[in-house]
2 protein chains.
Amino acid sequence: MEQLAKSRGLRFLTNTNDLDHWGRDWTHYFPVNALGVIFPKTVADVSEILKHCHTHRICVVPSGGRTGLVGGAYATQGELILSLSQMNRILDWDPLGLTVKVEAGVIHETLQDYLRPKGFHWPVDLAAKGSCQIGGNLATNAGGVRVIKYGMTRRWVQSLTVVMANGKILELNGDLEKNNTGPCLRDLVIGSEGTLAVIAEARLKVTHLPRQCLTLFAPVENPAAALTLLQSLRECGAPLLAFEFIDKASLDLVLKHCGDPNPFGEFMSDAVLIDLETTDVSDVYAKTALDPRTILGESHSQVQKFWHYREIITEALDSMGFVYKHDVSLPQREIPRFLKTVDQEFSRRFPGATNFVFGHFGDGNLHLNFGYSAKDPDGRRLAHCEAANDWLFNLVHQYRGAISAEHGIGLLKRAYLRFTKSPEELAILHALKKAMDPHAILNPGKGVV
Amino acid sequence: MEQLAKSRGLRFLTNTNDLDHWGRDWTHYFPVNALGVIFPKTVADVSEILKHCHTHRICVVPSGGRTGLVGGAYATQGELILSLSQMNRILDWDPLGLTVKVEAGVIHETLQDYLRPKGFHWPVDLAAKGSCQIGGNLATNAGGVRVIKYGMTRRWVQSLTVVMANGKILELNGDLEKNNTGPCLRDLVIGSEGTLAVIAEARLKVTHLPRQCLTLFAPVENPAAALTLLQSLRECGAPLLAFEFIDKASLDLVLKHCGDPNPFGEFMSDAVLIDLETTDVSDVYAKTALDPRTILGESHSQVQKFWHYREIITEALDSMGFVYKHDVSLPQREIPRFLKTVDQEFSRRFPGATNFVFGHFGDGNLHLNFGYSAKDPDGRRLAHCEAANDWLFNLVHQYRGAISAEHGIGLLKRAYLRFTKSPEELAILHALKKAMDPHAILNPGKGVV
């Protein structure tokens, strides 16, 4: 590998500190074990590296901004880390087709900064935008807070340039909006967590920035009331950009974390944070059962503060003793019954813990966080929480949900695939993996295949 | 089969007239050869029929409204026609998730009639809406005139219940908006033209009806001018619902067909038909180079008339002597050069013919129609046009286009797959076919696999 790197003039790192830096994502559960990190500069470089790895049966972890939460970018088996971070050019802007072509290593925020002056955005909105890379967003089919309006990442991809495990370069879908010439591998590679092919370049679809946005911060009695509000917003045609739920425990936690008073005065309850693409909410006030304590964000700084509460929850949780995180999705209408069922058993199963619930209720995505005020020095709490996964995922399955709404499978959720994919689906996906990566060199042990 | 039909109480037809009716689509190029037509009433029926066919190696043509234009629903090899038309119930409406669950045989327009009073629509807009069925729309990933705003059919599908070739029933994606548990077979089955599995039920995503719509009918000098106008509309953020191009030859033809005067007076040129989701076009008039002869649709009947011109083109062409149709797509910015290149050779290659060009310019979709005023009694014109496909598809390939934008592959375009899919992609899709339908009983000879 060193020789190949040298001959192509590519950076190649092998010292322990570098491997430890490049070999992990935002989870910190696993020990890193990597062969090295190589930094291709072109699609041809990626192709040559994979050809070499294919021939010599060297396993490869395709690597982006490493902001994932399920260990999908970890090297744990002595793999080569293939970092796309030096392929970070914006290649083409097409104002007619409303697309932008990028290399996989472009930072999410860099792309938005490029598009904003033109009046456009790539409408995938993620907390990790400052460090995550487009290639990783695509490989994980990233979600975020505006899925209710714009859908998942998959919807905003026109075409991909991918490199197969054997080094072959494939152009998937050209630069076409319409192309009905059979099933497209593009949609398979998106969300496959680097297990089917390496995404090297992409042409992304963009759309106009929202013309206006109003933010409401509304107390709600409970999750059921949040959903009643959501339904009445939908019935009056409110142009929803985001509909985020924050339970009482999470709100209390972030207010303490920020040292801020309760914006609703004495009244502490669950809450929802709503963005609407409008300048007029009179209809919303007239036709929905908004709590009278609801606050309409009046200044940019006030709106920023409300969104800061939503975005800082994870940090506030991480500053607790120990927290175990879930990212599940359900049909929206099942959320209240599901949460009640969890509640019924929670204190018995997790004595001393609190279940902090927040997430993208508008699209059925709940983040459950089992938080303890004390640390977990001997890993017993982690083991206890992991042992309860079967219980939780069984419930998710009963309510027709998914064990991962937006984080993916990675290393962390491999053991639980049976709760979410049928044996028949898995058999088909394995046949596909075999056809695309016969020696199983791409991101082994991760994802579905 | 007769016994199976009897035992489950299913309609089963075998007489020649019935086979001829049920065994074809809107193309009329092929002779029908079918075993019979069976009409399942439930998902379990579909499963039992396929189990039987799988065991006895009986090939099956899944069949919807049969409005396709590439022979995808033809029975030509003695197949069993599996008509979903009696599975036509709307099963569930979810006002919270904004989805509707339907059986595959629901007529497109029936669904829209169901949704309209609620203020919603399934935003796939097709000329064949009165007879096409949802299952067929999904199997072909249908396009239509509002792709520029809403995208293709695939985008409006949440989950599928499909029956595999061996009779196994798979639920693909539950009822979930977000589900990041690896690649989803749902997106493979959509657009696979009945070759990978039979779509029995679907949960569809819906959206609010447009609140308002203004229609502009604008003369344009040529295709390049149409695209300049499109770009300036995009730059001023005009909320486009449709952007249709009609060339001079097509406009002249439909006006004569309808016996109407030229709406632009003496001036006859290419034209575009534009729908905008707004009540105010002052910005559009101020910021784009609209021809002063542009007509703003003032009454419902005037708007209907303009759209009638667009929709009646196919009928007007069919009333000519002979017409050979193409449905190609290109990156939008390549359209003018592509059309010029076609023009340069057209009269030499097709003496006596006219190339009628219209289509969904906004999403790069062109319908080219090689029309002759005389009939084609001996099939020589058809053979001549078919022989020229290599020339045309080579050009499409050179301009990075697709040989089918929305009609699919079916029987008609199988011979030309090499212009649009690489050998590597085809190999992967064949492996997938083998995993999903090992005896190749589903819609043989159609589509990609």
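**Close-up views of a predicted two-chain model**

**View 1. Approach of chain A to the rotation axis.** Chain A is superposed on chain B by a rotation of 180° with a shift of 0.0 Å along the axis, and the RMSD is 0.0 Å. This is the relation of a two-fold axis. The copies meet through the same surface, because 100% of the interface residues of chain A are also interface residues in chain B.

**View 2. Packing of helices α13 and α15 in chain A.** Helix α13 (residues 335-349) of chain A packs against helix α15 (residues 389-398) of chain A at an angle of about 165°, and the two axes are 11 Å apart. The angle is over 145°, so α13(A) counts as roughly antiparallel to α15(A). The crossing of α13(A) past α15(A) is right-handed. From α13(A), the contact draws on A:Phe338, A:Thr341, A:Val342, A:Glu345 and A:Arg349, and from α15(A) on A:Trp391, A:Leu392, A:Leu395 and A:Val396. Classified by residue type, the contact of α13(A) with α15(A) comprises six nonpolar, one polar and two charged residues.

View 3. In chain A, four strands with mixed pairing form an open sheet in the order β1-β2-β4-β3. Strands β1 (11-13) and β3 (60-63) of chain A are the edge strands, each pairing on one side only. From one strand to the next, the twist averages 20°. Four bridges connect β3(A) with strand β4 (residues 79-83) of chain A in the parallel sense. A:Pro62 has A:Leu82 of β4(A) as its bridge partner. Helix α3 (residues 43-56) of chain A packs on this sheet and touches β2 (34-39), β3 and β4 of chain A. The direction of α3 makes about 170° with that of β4(A).

View 4. An open sheet in chain B contains seven strands with antiparallel pairing, ordered β15-β12-β14-β13-β17-β18-β16. Strand β13 (residues 240-246) of chain B runs antiparallel to strand β14 (residues 270-276) of chain B, and six bridges join them. B:Ile246 has B:Ala271 of β14(B) as its bridge partner. Helix α14 (residues 380-387) of chain B lies across β16 and β18 (365-372) of chain B and runs at about 20° to β16(B).

Key:
Residues are numbered from 1 along each chain as its sequence is written. Chains are lettered from A and ligands numbered from 1 in the order in which they are written. This is a predicted model: local features need pLDDT of at least 70, side-chain atom pairs count only at pLDDT 80 or more; totals for chains, interfaces and linings use all residues. Side-chain values use heavy atoms; hydrogens and water are left out. Axes are lines fitted to C-alpha atoms, for helices over the stretch in contact, and angles run from 0 to 180 degrees between N-to-C directions. Helices (H or I, at least four residues) and strands (E, at least two) are DSSP runs, numbered from the N terminus. Angles under 35 degrees count as roughly parallel, over 145 as roughly antiparallel, 65 to 115 as roughly perpendicular and the rest as oblique. A crossing is left-handed if the near helix is turned anticlockwise from the far one by less than a right angle, and right-handed if clockwise. Contact means heavy atoms within 4.5 Å. Ala, Val, Leu, Ile, Met, Phe, Trp, Tyr, Cys and Pro count as nonpolar, Asp, Glu, Lys and Arg as charged, and the others, Gly among them, as polar. Two strands pair if DSSP finds at least two bridges between them. Copies are superposed by least squares on the C-alpha atoms of residues with pLDDT of at least 70 in both.
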